[in-house]
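Reader: I'm new to this one. Can you walk me through it?

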Amino acid sequence: MERKAVFILNFGSQYVQLIARRIRELGVYSEIVDWNIPARELEKRNPVGIILSGGPASVYDPLAPLPDESIYKLGVPVLGICYGLQLIAYQLGGRVGKSSQQEYGRATLRILKKDLLFEGIPEEFEVWMSHADKVVELPKDFEPLALSDNSPYAVVANSKRTIYGLQFHPEVVHTFYGKQILSNFLYKICKAKKNWKMTDIVKEKTEEIRKRVGNSKVIAALSGGVDSTVASLLTYRAIGNKLHCFFVDHGLLRYGEREEVETNLKALGLPLKIIDASSLFLERLKGIEDPEEKRRIIGNTFIEVLEKEALKVKDARYLLQGTLYPDVVESAGIKGSAKIKTHHNVGGLPEKMNLKLLEPFRELFKDEVREIGRILGVPEEILNRHPFPGPGLAIRIIGEVTEEDLNILRRADRIFIEELKREGFYNNIWQAFAVLLPIRSVGIKGDVRTYDKVIALRAVESTDGMTADWFRFPSHFLDRVARRIVNEVRGVGRVVYDISSKPPSTIEWE
Ligand code: XMP
């Protein structure tokens, strides 16, 4: 029997993953499913509660996504959030209209009626709204439980049928008591049992890997980053030497990175083989300026190098990958997004080599993988490492990649990261790095005219890399980093700081 879960029907809200995470943080397993899942299928999957997410549509649009109405008859508690609330009103016989005053941002919620949903919550508090439509007439047997200035039906319910709707977003941090409301829904209304605890997940996953792999062998390509390190360690604890770990040095790594990764991973006990393929990669990148072309070459060469090694492993049947839940949700096409960059991974490998994918983290969020890492004893330094793109420094040298430029970039980047760690900024930043620009600029060093390269510094805050804002450093910090780079890195005459956000700019420059 599958673990009982809260299913979140996704109507395209930007917060849908956040809802799933909140539910799991509260100790109950949750999954995101497409909004048009048939009620019968949902029933088979053992729901303990159903959440209807927000979304950009209006219920009265001819093409509005409307869920299977039988979900309201399953006898499973339902919570509609924003668009989800409007769906409940619309599908069960109420009315929804355009609001004359759209409500975005903070609003004060006033509770009208005591209910299990509000246990432990004051009568008035701030919530986060973001809607243009509103419920104007409730379905039969529904009553308002709370209101805001602009929404007389900010919280509604048919408590007998355990169907609830919220006009605001309980999942965002700006809603006070949002977590308490979700917790009340889970434990008081759905009567859910705690079934999501990371120490249990580690045991379950270990058992699953052991069973699935049997006597065959598993290939892992490590990058030194969080996901592949934790996935490998978990797998290693499950199957020991049947796991073969490779680290491909493509020559596009940061200063001292290969040695650092080797030391770190060996300290964790992982059996690691390092493959030095840097001259092959650099040879193939000669004369290549186009970013997508660089990615393609690096991706293909990576596969080729790893394939050669993997073929030497007898009985290799699986390729370990640290795929996370957000990747699964996105690739399922729930969130239609245009392809901006080809993000290289080793996806082509299993097909060519007849390897099956082993993806123990397919249903986990990054925070959860970090938690597993902690349980397995992975040092914080690895768990907090900034993400580093597969194509490495090749996409941080604008234009052609040369050995000389790699060395310049490595030295500048090292100074930046060193200073970030020293000032304690590193862990508050999603990603920080230096970029080498393909232009020269005039300067003077010791009375001599110079005509040197330009380094751009990039540092962003983000929660998932999908959107990002540039990090506000104090000026004395930028001053020190710039001085050090110009003084210590020969060939660099100027340093600039990138103050673009994503969107419209991406995090990487290429
Ligand atoms: P962008 O530049 O698209 O980056 O805003 C979002 C996140 O993805 C990383 N990134 C890559 N990762 N291969 C990777 O493995 C790639 O080709 C690639 N391009 C960007 C980037 O570092 C950031 O974390």
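Author: Let's begin with a term. Domain bounds here come from an automatic or database domain assignment. Keep in mind that this is a predicted model.

Reader: Ok. Which domains does the assignment give?

Author: Domain 1 covers 5-189, domain 2 covers 198-383 and domain 3 covers 402-497.

Reader: What separation do the centres of domain 1 and domain 2 have?

Author: Their centres, taken over C-alpha atoms, are 38 Å apart. Nine residues of domain 1 and eleven residues of domain 2 make the contact.

Reader: How much area do domain 1 and domain 2 bury between them?

Author: About 910 Å². Carbon and sulfur atoms account for 52% of that.

Reader: Which residues in domain 1 lose the most area to domain 2?

Author: Gln-17, Arg-21 and Arg-24. Together they make up 57% of what the domain 1 side buries.

Reader: Switching to helices. How is a packed pair described?

Author: By the angle between the two axes and the distance between the axes.

Reader: Which residues of helix 6 and helix 12 make the contact?

Author: Helix 6 brings Val-226, Asp-227, Val-230, Leu-233, Leu-234 and Arg-237. Helix 12 brings Lys-366, Val-369, Arg-370, Ile-372, Gly-373 and Leu-376.

Reader: How do the residues of that helix 6 and helix 12 contact divide?

Author: Seven are nonpolar, one is polar and four are charged.

Reader: Next pair: helix 8 and helix 9. What angle do they pack at?

Author: About 150°, with axes 10 Å apart. Helix 8 is residues 278-285 and helix 9 is residues 291-310.

Reader: Why is helix 8 called roughly antiparallel to helix 9?

Author: Because angles over 145 degrees count as roughly antiparallel. That puts helix 8 roughly antiparallel to helix 9. Their crossing is right-handed.

Reader: Which residues touch there, between helix 8 and helix 9?

Author: From helix 8, Leu-280, Phe-281, Arg-284 and Leu-285. Helix 9 contributes residues including Ile-297, Ile-298, Phe-302 and Val-305. The helix 8 and helix 9 contact divides into seven nonpolar, one polar and three charged residues.

Reader: And helix 14 with helix 15, what angle do they pack at?

Author: About 150°, with the axes 10 Å apart. Helix 14 runs over residues 403-422 and helix 15 over residues 475-488. Helix 14 and helix 15 are therefore roughly antiparallel. The crossing of helix 14 and helix 15 is right-handed.

Reader: How many charged residues are in the contact of helix 14 with helix 15?

Author: Seven, beside seven nonpolar and no polar. On helix 14, the contact includes Arg-411, Glu-418, Glu-419 and Arg-422. On helix 15, Arg-480, Arg-484 and Glu-488 are among them.

Reader: Which peptide bond joining Lys-502 is cis?

Author: The one joining Lys-502 and Pro-503, with omega about -15°. The bond from Pro-503 to Pro-504 is cis too. Its omega is near 10°.

Reader: Where does Pro-503 sit?

Author: In the segment after strand 18, which is 492-497. Pro-504 is placed in the segment after strand 18 as well.

Reader: Is phi of Thr-162 positive or negative?

Author: Positive, near 50°. Thr-162 lies in the loop between strand 8 (155-158) and strand 9 (163-166).

Terms used
Residues are numbered from 1 along each chain as its sequence is written. This is a predicted model: local features need pLDDT of at least 70, side-chain atom pairs count only at pLDDT 80 or more; totals for chains, interfaces and linings use all residues. Side-chain values use heavy atoms; hydrogens and water are left out. Contact means heavy atoms within 4.5 Å. Helices (H or I, at least four residues) and strands (E, at least two) are DSSP runs, numbered from the N terminus. Ala, Val, Leu, Ile, Met, Phe, Trp, Tyr, Cys and Pro count as nonpolar, Asp, Glu, Lys and Arg as charged, and the others, Gly among them, as polar. Buried area is the accessible area (1.4 Å probe) that two parts lose on being put together, summed over both. Axes are lines fitted to C-alpha atoms, for helices over the stretch in contact, and angles run from 0 to 180 degrees between N-to-C directions. Angles under 35 degrees count as roughly parallel, over 145 as roughly antiparallel, 65 to 115 as roughly perpendicular and the rest as oblique. A crossing is left-handed if the near helix is turned anticlockwise from the far one by less than a right angle, and right-handed if clockwise.
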